[in-house]
Amino acid sequence: MTEAVDAPDRPRVILGVGGGIAAYKACEVLRRLTESGHAVRVVPTEGALEFVGAATFEALSGQPVQTGVFEDVPSVPHVKLGQTADLVVVAPATANLIAKAAGGLADDLLTNTLLTARCPVLLVPAMHTEMWEHPATQANVALLRSRGVIVAEPASGRLTGKDTGKGRLPEPAEIVELARLLLARPDALPRDLEGAHVAVSAGGTREPLDPVRFLGNRSSGRQGFALARVAAQRGARVTLVAAHTADLVAPAGVDVVRVGSALELRDAMHSVAAAADVIVMAAAVADFRPLDLVQHKIKKTDRDPDPVALTRNPDILAELVAARRPGQVVVGFAAETGDGETSVIEYGRAKLKRKGCDWLVVNAVGDGRAFEVEDNAGWLLSADGAETPIPHGSKAQLASALWDAVAPTVDR
Ligand code: CTP
């Protein structure tokens with residue numbers, strides 16, 4: 001007998017799968033959700049089963065799979081699944097499925113579930129660019145969003161054939177990050193950054209010493225990518241200037257500019273900042289770079305090596321603050337360890353004053369905190385003296401907390 005989702009202690013997720021070629025990526029979404037401790041029940045459409053067999057979803061979820069409302073009738077799945085879920089994710093959401101959801105149709109188990117769900121509903125579109133841009137689809141998306149349904153921004157890139165454009169399903173890792181964010185905070189993705197242009201820097205700069213060596217740092221870029229991702233899903237136009245990062249998925253709907261050194265990052269930020277409403281400097285910028293770039297690979301010799309002479313890099317955040325136009329919001333980050341005399345937050349307060357930005361996110365680092373890890377915590381300091389603790393949570397949660405504070409102050 002079918003229980004809605006038989007998992008009293010685990011977050012219950014319904015994974016709806018629409019009938020598009022991207023249905024195969026739902027298997028990876030499913031795997032990642034189950035591996036991170038979620039109980040997942042897959043509800044495909046008939047069309048989805050043309051692309052992926054029910055057996056695959058059943059094996060990966062450990063739950064039965066059905067598409068219609070006349071199977072397993074005694075357990076009333078068409079009502080129970082939606083009622084008992086903590087989150088409904090539909091990936092891929094086709095143009096047809098989005099239209100049905102907007103119209104309130106209920107002709108299969110998935111559309112019935114969408115009508116009975118009282119939890120957050122995340123629709124992740126995948127379709128050809130023409131279908132995404134069609135006024136009918138855009139009107140359906142706007143209607144769903146006005147009702148509180150979260151319709152994700154699709155990615156741009158390769159579509160079914162050789163064509164490319166907007167409408168590609170975001171990568172499974174990104175879908176799961178958004179799903180986990182909504183499970184932690186159902187109100188984390190309002191469309192309150194629509195009309196705003198946001199520029200975010202991320203990752204660690206690499207300062208070249210010779211053609212094969214550099215001075216770098218341990219920044220993974222995860223926090224900056226999460227800031228860009230969440231801003232785009234809250235409706236902003238986002239440019240992400242990315243220095244070196246771990247192997248991260250580029251956020252859907254975001255323009256990414258790749259840079260290497262602090263000087264390259266500086267040039268990229270100045271050119272994008274001119275048109276931005278909000279600037280966020282989350283990159284770990286090297287304060288110093290080797291004075292000379294040696295043109296050949298430095299060889300080891302019998303004598304002691306020469307010391308590496310360093311010179312200061314510009315303070316990009318301070319430059320952006322100095323160049324800002326009226327109404328532009330500038331956010332800095334500070335990674336601090338504190339010491340015997342001065343605490344992390346005291347260092348943060350002093351840095352906010354010194355840098356002159358509107359907001360400063362202060363993270364405690366060291367002992368495995370913040371760098372190269374999934375989670376983050378800290379304080380959000382504002383130039384008007386407000387200090388808000390940011391509780392421990394994912395980097396996407398920290399990003400949401402920052403956008404909650406910043407969005408109402410954006411002048412657009
Ligand atoms: N930053 C910058 N340019 C630099 C160094 C840092 O724009 N050359 C930015 C960072 O992106 C971050 C903020 O300044 O938003 C604070 O970085 P941090 O390294 O904590 O500050 P520093 O000014 O380098 O101070 P210190 O290292 O002495 O703590």
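**Ligand surroundings and domain contact in a predicted model**

The model is predicted: local features need pLDDT of at least 70, side-chain atom pairs count only at pLDDT 80 or more, and totals for chains, interfaces and linings use all residues. Residues are numbered from 1 along each chain as its sequence is written, and side-chain values use heavy atoms, with hydrogens and water left out.

A polar backbone atom of Ala283 is 2.8 Å from an oxygen atom of the ligand. Pro314 places a backbone N or O atom 2.9 Å from a nitrogen atom of the ligand. For Ile316, a polar backbone atom is 3.0 Å from a nitrogen atom of the ligand.

The chain is assigned two domains, domain 1 (8-184) and domain 2 (197-409). These bounds come from an automatic or database domain assignment. The C-alpha centres of domain 1 and domain 2 lie 34 Å apart. Domain 1 gives 12 residues to the contact and domain 2 gives 13, where contact means heavy atoms within 4.5 Å.

Between them, domain 1 and domain 2 bury about 990 Å², with 63% of it on carbon and sulfur atoms. Buried area is the accessible area (1.4 Å probe) that two parts lose on being put together, summed over both. In domain 1, the most area is lost to domain 2 by Glu174, Glu177 and Leu181, together 51% of what that side buries.

Charged pairs also join the domains. There are 2 salt bridges between domain 1 and domain 2; a salt bridge is a side-chain nitrogen of Lys or Arg within 4 Å of a carboxyl oxygen of Asp or Glu. Arg229 and Glu177 form a salt bridge through their side chains (2.7 Å, N to O). Residue pairs in polar contact between domain 1 and domain 2 number 4, both residues at pLDDT 80 or more. A polar contact is a pair of N or O atoms within 3.5 Å; within protein, one must be able to donate a hydrogen and the other to accept it, and residues adjacent in sequence count only if both atoms are side-chain atoms.

Helix 9 (residues 172-184) supplies 6 residues, the largest share of the side of domain 1 that touches domain 2. Helices (H or I, at least four residues) and strands (E, at least two) are DSSP runs, numbered from the N terminus.

The structure holds 24 salt bridges. In one, the side chains of Arg191 and Glu153 meet at 3.1 Å, N to O. This pair links distant parts of the chain, 38 residues apart. Arg191 lies in the loop between helix 9 and strand 8 (197-202), and Glu153 in the loop between strand 5 (150-151) and strand 6 (155-158).

Two backbone features remain. The peptide bond from Ala91 to Pro92 is cis, with omega near 0°. Pro92 lies in strand 3 (residues 87-93). Asp72 is not a glycine, yet has a positive phi of about 55°.
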